[in-house]
Structures are given as structure tokens and as C-alpha cells.
Amino acid sequence: MRRRLSAAYDWFDERTAIRSLLRKGLYEAVPVRGAWFYTLGSATLVLIILQLITGIFLTLLFVPSVTEAWQSLNYLKEHDAFGAIVRGIHLWSAYILLFVIGLHMVRTFFSGSYKRPRELNWVTGVGLFVLVLGMAITGAFLPWDQAAYWTAVVVTNIAAYTPFIGSFLRALWRGADTMGPITLSRTFGIHVWLLPAILFPLIGAHLALLRKHGEFGSYINYRGAYKSREGVDVPPAPAQRPIEPPYPAAPSEELWAAPLQTEDFYPHQTFKDGIVSAALVVVVFILAVAIGAPLEAIADPATTNYTPVPEWFFLPLDELLVLVPQQLIPLVLVLPTGGVLLLLALPFIDRGPERNPFERPAVMVPGAFAVLFVVILTLLGSGRLFNL
Amino acid sequence: MSALLALIAPAFHALQTQVPAQAPQGRNIVGAQIAIGSLFSLHILIAGLVSGAAELGPAIEFLGYVRQRRNYDRLAHGLGRFITYYFSVSSTIAILLITVLLVGFWGHFWTTIVTIGWWPLFIEAWTFVLQVSLAYLWYYTWEPMRAFKGVHMAIGGLLAVASFLQVYMIDVIASYMLTPSNPQNPVRLALNPTSYPLTVHRTVGNLAYIAFAFGGFCAIRYLRAKTAEDRRFYDWAGSFGLLWGVSMTLLQPVVGYSYAKEVQLHSYGSWYKMMFGSLSPVFLWQITLLGIMFLTATLYFARRLRTDEAPGSGILKLLAVGMVLTTLLAAQPYALGFSYETVAAAGLNRPFWEGGLINPLGSMIPWKVLALMFYTLIAIAAVVWYLRGLPGVVWGTARRGEQRILMLMTVFTMLMMVTMGFIRENSRGPFLISGEMTIQGQQNVPTPTPQSSP
């Protein structure tokens, strides 16, 4: 039996080069210290795959029409316990995905991993973050219950604040000046076709770039970390640079070129990645079973006593919209747009070789403020909603 | 002896006839407000520093450990010493306030608030015990536990958590008094509409306050320093304090505005009093003072870089000009009288060019909101430019002017603390608990019950 399996594997390898592919994929040298922090990327990927699988399942049942969208989900809720759990997994994995991808970005930002030669890793990562956010927002429209309907009203209205073309954008998304059947069809199309069609190639590009340049890790893995310490000598350069052949290009970059100590991706890092990803999947499953995915009453555009509550990831912006007077709303909406543009430009603005976050205050301080503002606005927004 | 008795006896006799045998219990409202208000202000001025030091000190120790810098360790140790010296002063005032003044003047109120906020006050009392135990442990084990820095930093971390919890619990009570929620539900009580914003506002404020305060203290020590090492340390610590203080204050416009928004939604009378009523001149002073603080800090940054000819001084001067213009915008009064309330009562609530007393440029929306946004953005730019220039600074070379600015910032911060406390505590008037208990006679206001439909 074992010989037969081995022969089958040889046959397959001869035609696909699977053995060398696996070797290349699994035996990558990764930095040793702080490795648990480097599991966020793989956890993000696992959660996206979970989204894909549960999403495919849901498209088999969901009817994207204003008369039947809610009915189809209500059927799941009332009569199909397994389907309801799958929908719960889809929702909770989306929530946790947003949180994990945010953490992954923050870690990458603070560790300076976006610097040369990994600028495009960062750019593709920012693109993935925006797309995941887009998936979450469009996904929130689909149940066509009260929460979904009023979220759609608010979000499509936000698009209308875009200078010059705002009204056109809103009409394009809604399919008319007001919300209607085309709004749901278009949003469904964007959610299941347009965004994934960009998302998955971008994931491929992100992973290919990661493999090309290797995991950077954190400044603590490099000789540069010892440069600013009082009474500590800079350790000698490692004998080889297994990760970054085209790098360093300048003498100042040598301190950050190769990690002092590495280990194989398999089994060391894959073990940690597996533990974190499995734990997250378990958490998602527990939440899906225990809480599930809520479904409010069917959308009623004529209602006058419904108070829309935004999704949690929308809270910072929602709080800003509440705080800022109507005349200044376009100014507030510049913030997220400008923020994304700044993030995309970051590796081209912060080009110095230094990776130690404490030695990069000019970038770290505004970054820390941005994170603090988001956290504080989320807290304030949740407090406000609690007392509605 | 008999002569002395003859002298004292009439005085005792006079006292016996004039001093009431029992506590005033709200009968002397002005006396109670002056006594409690002034002592509370003093308590908050010291307690804010202690809480800030207990939260900032461990963070600085951690930074020093990560960066392997002795300066940070020395500064954190100094903050630890400050806590051990001043904790008891702050506590004594608090106990005097509660046991003598609150019980004596507003006994009914105090009983009511303790009944309502029993759980927060219970937790508050225990975090108090935890805080003092950890503070002394943290400070006195500094050298003995140098070989176990991780454990020592963990003690500091617990101290920071205990201090935060203590502030949060007392904020639950303070915020409840302004925006009461269902007292039967402890979660509703703990998360009443203004408890979140007040806690964030006060925590960030305490961190800024202690930083500005030790900045000023270091400025004095710098001017008196005898050794080059001390000059280097106090110069660096003063700059670090100001930088940290400004960085924390940057968050306050958003947090403070959010706080005011919640007051508007849940305690409209208080909000109206702050924005349009008798407290509006104090509010105007507050927003102006904020601009003055940012401006002063920007001037320090510019001067400090210029002293060592480090890059960035020119840009910082430009930012200071921007801050002056923003402060002028923020300082514009809306009503060219005592308050909008008085102007409206006189029928003069129309623009000044139409013969009224209204200055549209002083309106909150959009002008003061814009000014708050510009404060934040310009201050962030100032911090970033200063940080960019810092590698060119040689510590120990600062001039007297910079040290005077640091001391001035401490005074401004104390003024800000007192101003904010004054606004918050007076906005509730004529209530002790908004809409529920009056100051006059501590009368409970009956809650209107909805009419049942036939």
C-alpha cells in the first residue's frame, strides 16, 4: 500500500513538480523572535477561505431580490439549523477577519516591514484591507432586513458627498435616485463577483511577493536593533543572507538585511500559524452557534420609529458623522479617503532604512494617533449606542 | 491661668451661642459650595497628578527597558517617588471632603449617591487599597528587583490598571450626577451616557497633566542643576514631558467635543448653560486656553530646535503663526454680551451690523469646530516636526527661555484643570443630581410617570 502511494506520488510529481513546489513553499527561513506575531497573515488567509466556502454555500440558497432576500434568510433561520450556522460562520468570520487584518496591518506598520524591498507587499496589503472592508459593507446590505436597508441608505448617501460626482455615484449604486430592487442586485453582484474578482488575484500577488522577499518579522531580529542601545555592542553580521538576495543595496541597509537567527517555515512557523488559525476558527464556530447571525424584521422604507445602528467596524466613522455638523461632513469624509491614499504612499514617504519603531517617531507618532483616534471613536460610539 | 481663662471664656460663650450644634445640612448653600468646590479643586489637582503618574510611570519604565535607556528609568523612578510623597495628601483631602464636608453639608445627597452608587464606590475603595499597596511596592522594590525587571514592570502595569479603575469608578458617580440613568441596573449605571467620554477625557487629561507638571518641575531643576549629567537629564525630561503632554492633549478636542455632545443629548439644560448660558464665557476661556497651550508648546519646540540649530525651527514658527490665527478664531465670542441668554433676553440676538449683539464668526458650528480640527492638525504637525529635528538636539544646552515656557505650561495646565472642573460641576445647577435632586434643600425631584392611555 505504502509503495503504491509512493509510486502515485512520484507519478504526480513527475507531471506537476509538486515535490519541489512543496519544498520551496515549506522550507523558507523565517525570523525566530516574535514569531507568534507573524501568524496574523496566515490567520487572515484562513478566514478569507472560510468566507469563500460559506459564501458559496449561501449563494446556493440566497435570492437577491427585495421580495425574497429576507424570506430566503428567514427560511434558514427558522427551518434549517445547519444553514443558520453556516450563515453565522459567514458573519462572525467576517467580523473577526476585519479585526485580524487590522491587527496585521498595525503590526506591519509598527515593525516597518513595508520598507524596501517590500513596498509592493504593503501596497497589495492595503488593497486587500480596502477590499475586505468593501466586502463587509456590501455584505451588510444583503439580508434586506431593517438594519440592512438603513445601512444601505446611509452608506449610499455617504457616496453622494463625493465632490462633483456624488449624486451620480449614488444613483449608479442605487440604480435610481431612491433605494430599490436594482440596489440589491447591484450590491449582490459587487459582493460576490466584482470584489472577489479583484481580491483573489491580489491575495496571489501578496503571497508571491511575500515569498520573493521573505518575512521581515520585527526589528528585534536584526543587527540594527542593537545600534541605539547603551552599552550593548552590535552583533556580527550573520554568515549568510538567506532571505533577500538583491538587498541590501546600501551599507546602511546591511543592519536590516538578514535576520540574526532563522528557522524553517515548516514545521516551526506552520505549527504556530496552525494553532492561531485553528483557535480563531473554533471561536468563529462557537459564536456562530451561540449567537448566530441576527435577522431583523423585513425592510420597511416607510417606518418612522426605527433607529439604525451601524455595524461595529463602521462606528469610528459613524461617531465622526454624529459629532461633526452637516456643513463639515464632506471634510470628514476626506479622512478615510486621505487615510487610504496616505497608507498607499507610506513606503514611498518613509524611505529611511531604520526599522526600530522608537527611532522612527515622525511616522510612528501620526500612526499611533490614527490608531488611538479609531479606538477612542469606537469606544465613544459604542457608549452612545448603548444609551440610545 | 485664671487671666487666660477669663480671656477665653467669653469667646467660648460667644461660640456656644452662634455655632449650630448640628451639621449645616445644606442650609448654608454658598458656604457649602465654596468649601466643597475649593477643596474638590485642590483634591483633583493633586489626585490627577497621582493618577497620571501611576499610569505614565510604568509606561516610561517599560519604554526605558525596551530602548535600554537610563534616562527613562530615572524619570519613572522619580514619578514613583512623587506618588509615594503625594498619595497621602490627596487621600487626606478626599477623606476630609467625604466625612466632614459632604456628610455635613449635603448629608441627604451623600446618602442617596452612596445608595445608588454602592458598587462603584465599593470597587473604588478596594482599588484605592490596591493602588496604594502597588505604588509603594513598585517604588521601594526598584533597586532590589533590578535583576527581575519583567516582574517589576508587571507590578507597574497592575498599578496603572488599578489607577485607571479607580478613576473610572469615581467617574461613574460624577457622570451619573450629570446624566443619570436607571440606578437599578448596575450596567446602565456604569455605562451611563457620559461615563465613557468622561473617563477617556479624564484619563487622557491626567496623563497630559502629569507630563506638563514634571516638565515644569524639571525646568526648575535644570536651572538649579550643578552637574552636566543633571543638566542633560532635566533638559531631556522637560522636553519629554512637554512632548508627551501635547501628544495627549491632542486627543482632547475630539474626546471633549464628544463629551459635550452626550451632555447635549442627555442633559440639555446643562449643555445650554455651558454653550449659551452663564457658563458660556468660561467655556470660551477654556477653548482659548487650549489654543494658548498648543501655541506655547509650539514656541518651545521651535526655540529648543533653534538653540542647537537643529532642522525644523522655521516650519515650527510657521505652525505657531497658524496656531495664533486658529486661537483668534476660537476665541471669538458669539454673543457680544455676557452670554447669548442675556443677549436674547434683551432682544438683541441679531448680527452686530444689524444693530444686534451677535458675532456669527464666534458660532460653535462651524467655526469653533473648525478651530478644534485645526488645533489638532497643527499640533500633530508640530509634534512630528519637533521629533524630526530632535536627533540634532544636544541635551543640556537649553536656555532659560525654554525652561520658563515649560513652567508656564504647568501653570496653564492647572488653570485648564480647574476651569474644566468648574464648568462640569456648575453646569448641573440648580441640581446636585441632574433633574433628580436640587442643591436648595437637597430636595428629590419626582420623576414624571407616563400617563396611561384609557
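In the predicted model, H11(A) meets H13(A) through A:Leu315, A:Pro316, A:Asp318, A:Glu319, A:Leu320 and A:Val322. On the H13(A) side, the partners are A:Val374, A:Leu377, A:Thr378, A:Leu380, A:Gly381, A:Ser382 and A:Arg384. Contact here requires C-beta atoms, placed from the backbone, within 7 Å. Helices are DSSP runs (H or I, at least four residues), numbered from the N terminus. The residues of this contact divide into seven nonpolar, three polar and three charged. Ala, Val, Leu, Ile, Met, Phe, Trp, Tyr, Cys and Pro count as nonpolar, Asp, Glu, Lys and Arg as charged, and the others, Gly among them, as polar.

Helix H11 spans residues 315-323 of chain A, and helix H13 residues 361-386. Their axes lie 8 Å apart, at an angle of about 70°. H11(A) is therefore roughly perpendicular to H13(A) (65 to 115 degrees). Axes are lines fitted to C-alpha atoms over the stretch in contact, with angles from 0 to 180 degrees between N-to-C directions.

Chain B comprises domain 1 (25-192) and domain 2 (226-436), with bounds from an automatic or database domain assignment. The domain centres, taken over C-alpha atoms, are 25 Å apart. Domain 1 gives 14 residues to the contact and domain 2 gives 20. On the domain 1 side, helices H2 (29-67), H3 (70-105) and H6 (149-178) of chain B each give two or more residues. H2(B) supplies the largest share, five residues. By class, this side has eight nonpolar, five polar and one charged residues.

Residues are numbered from 1 along each chain as its sequence is written, and chains are lettered from A and ligands numbered from 1 in the order in which they are written. In this predicted model, local features need pLDDT of at least 70 and side-chain atom pairs count only at pLDDT 80 or more, while totals for chains, interfaces and linings use all residues.

Technical notes: Two residues are in contact if their C-beta atoms, placed from the backbone, lie within 7 Å. Angles under 35 degrees count as roughly parallel, over 145 as roughly antiparallel, 65 to 115 as roughly perpendicular and the rest as oblique.
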